Amino acid sequence: MQVYTHALCLDHQPGPGHPESPARLRAVLHALDDSACTRSERIEAPAATREQLARVHEPAMIDALFAAAPAQGHVYLDADTVMSAHSLGAALRAAGAVCAAVDAVFADARRRAFCAVRPPGHHATPDTAMGFCLFNNVAIGAAHALATQSVERVAIIDFDVHHGNGTADIFAGEARVLYASTHQSPLYPGSGGVRQRGVDNLVHVPLAAGSGSREFREAFVSRILPELDRFAPQLLLVSAGFDAHRLDPLANLNLDAEDYGWVTGELVAIAERHAGGRIVSSLEGGYSLTALHESTIAHINAMAGC
């Protein structure tokens, strides 16, 4: 299994005390080192091209982010979303990682890839960077697959505790993409209701605060996995946020690392049935370093077939 990352992703500095810190990515990289059964190859992520970004983001938004990038210090795009000197470079590498991983799983017999990158992406809408996110990495990867590979159906599964409003907005009218999300509700950003169906391609399963393994697994067994089998995706992309873990300080769900291993195994099985095994996962949220380490190991081991 291939792992895409870049040193610039450690240099994105939202500032002291910000939960989206470089320590998150270090915890993930240490987990990759500590996994006894991960057969991975580290690959330096390329920068996303303007063409790749523009498949999902408005030109004015792209221009604004390039213009806002500071030479030093910080620029606040909103109260939570901050750019430092290396943030733009990190965001370009994060989006480029997913595009490169998509190309690789179509070209490489291993068919599995994980993108250990930051900043995360799933809150970024077509015209707005928000929620710690600059560019929508997984959405850019999905659009890249549709534009460059011979595929007509791409599924995005998002188990981050926060709803991926940006991804849902980007693909709400795109029947070639199925977006399925479990998320705590009510919680930031306040979207992801069950009635938000797009063109019958958005599957939202909100979970109440305090929900744990039983509710999470039932959401997949009863709602998401049947929809994925019906859709028969030719590629699976995963927005892998680990902030539904019981230790996470920003939310109130009660998952454990074993739940992430379980759901990843179920998604790998879907990929084997319909997508030739092709699955690309990219890091989203997760703000307990202990939970990130444990959950990444469970996720990667299931991806690697251990």
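The model is predicted, with a mean pLDDT of 97 for the protein chain and 98% of its residues at 70 or more. The protein chain has 10 helices and 10 strands, and its radius of gyration of 17 Å is close to the 19 Å that the globule rule gives for 306 residues, so it is as compact as a globular protein of that length. Buried residues account for 59% of the 306 residues.

**Confidence and overall form**

- Confidence is lowest in strand β2 (residues 41-44), where the mean is 90, and highest in strand β6 (residues 154-158), where the mean is 99.
- The C-alpha trace of the protein chain spans about 50 × 40 × 40 Å when taken along its principal axes.
- Of the contacts in the protein chain between residues at least 6 apart in sequence, 75% join residues that are at least 24 apart.
- The accessible surface of the protein chain is about 10800 Å², and carbon and sulfur atoms contribute 51% of that area.

**The nonpolar core**

- In soluble globular proteins, nonpolar side chains tend to be buried together.
- The largest nonpolar core in this model holds 94 residues, of which F114, F135, F159, L228, L237, L267 and V280 touch the most other members.
- Helix α5 (residues 87-107) supplies the largest share of this core, with 14 residues.
- Once its neighbours within four places in sequence are set aside, L237 is in contact with V102, V138, G141, A142, V154, A155, I156, I157 and V280.

**Aromatic pairs and one cluster**

- The count of aromatic pairs comes to 6.
- One of these pairs is formed by F159 and F242, which are tilted, at 6.0 Å centre to centre with 45° between the planes.
- This pair links distant parts of the chain, 83 residues apart, since F159 lies in the loop between β6 and α7 (165-171), while F242 lies in the loop between β9 (235-240) and α9 (257-274).
- F159 counts as buried because its relative accessibility is 1%, under the 20% cut-off, and F242 counts as buried at 1% as well.
- The rings of F242 and Y260 have centres 4.9 Å apart and planes at 90°, an angle over 60 degrees, so this pair is edge-to-face.
- Y260 is buried, with a relative accessible area of 0%, and F159, F242 and Y260 form one aromatic cluster.

- A cis peptide bond with omega of about 0° joins S185 and P186, and P186 lies in the loop between β7 (177-184) and β8 (202-207).
- Another cis peptide bond, with omega of about 5°, joins Y188 and P189, and P189 is placed in the loop between β7 and β8.
- D200, although not a glycine, has a positive phi of about 60°, and this residue is found in the loop between β7 and β8.
- At 46% relative accessibility, D200 counts as partly exposed, because that value falls between the 20% and 50% cut-offs.

- A232, a residue other than glycine, has a positive phi near 55°, and its place is in the loop between α8 (213-231) and β9.
- The relative accessible area of A232 is 18%, under the 20% cut-off, so A232 is buried.

Methods
Residues numbered from 1 in each chain as written. Predicted model: local features only at pLDDT ≥ 70, side-chain atom pairs only at ≥ 80, totals over all residues. Heavy atoms only, no water. pLDDT = per-residue confidence, 0-100. Helix = DSSP H or I, 4+ residues; strand = E, 2+ residues; numbered from the N terminus. Core = buried A, V, L, I, M, F, W, Y, C linked by side-chain atoms within 4.5 Å. Buried < 20%, exposed > 50% of the residue type's maximum accessible area, 1.4 Å probe, protein only. Contact = heavy atoms within 4.5 Å. Rg over C-alpha atoms; globule rule 2.2 N^0.38 Å. Areas by Shrake-Rupley, 256 points an atom, 1.4 Å probe, with all protein chains shown as cover. Phe/Tyr/Trp six-rings, centres within 6.5 Å; stacked < 30°, edge-to-face > 60°.
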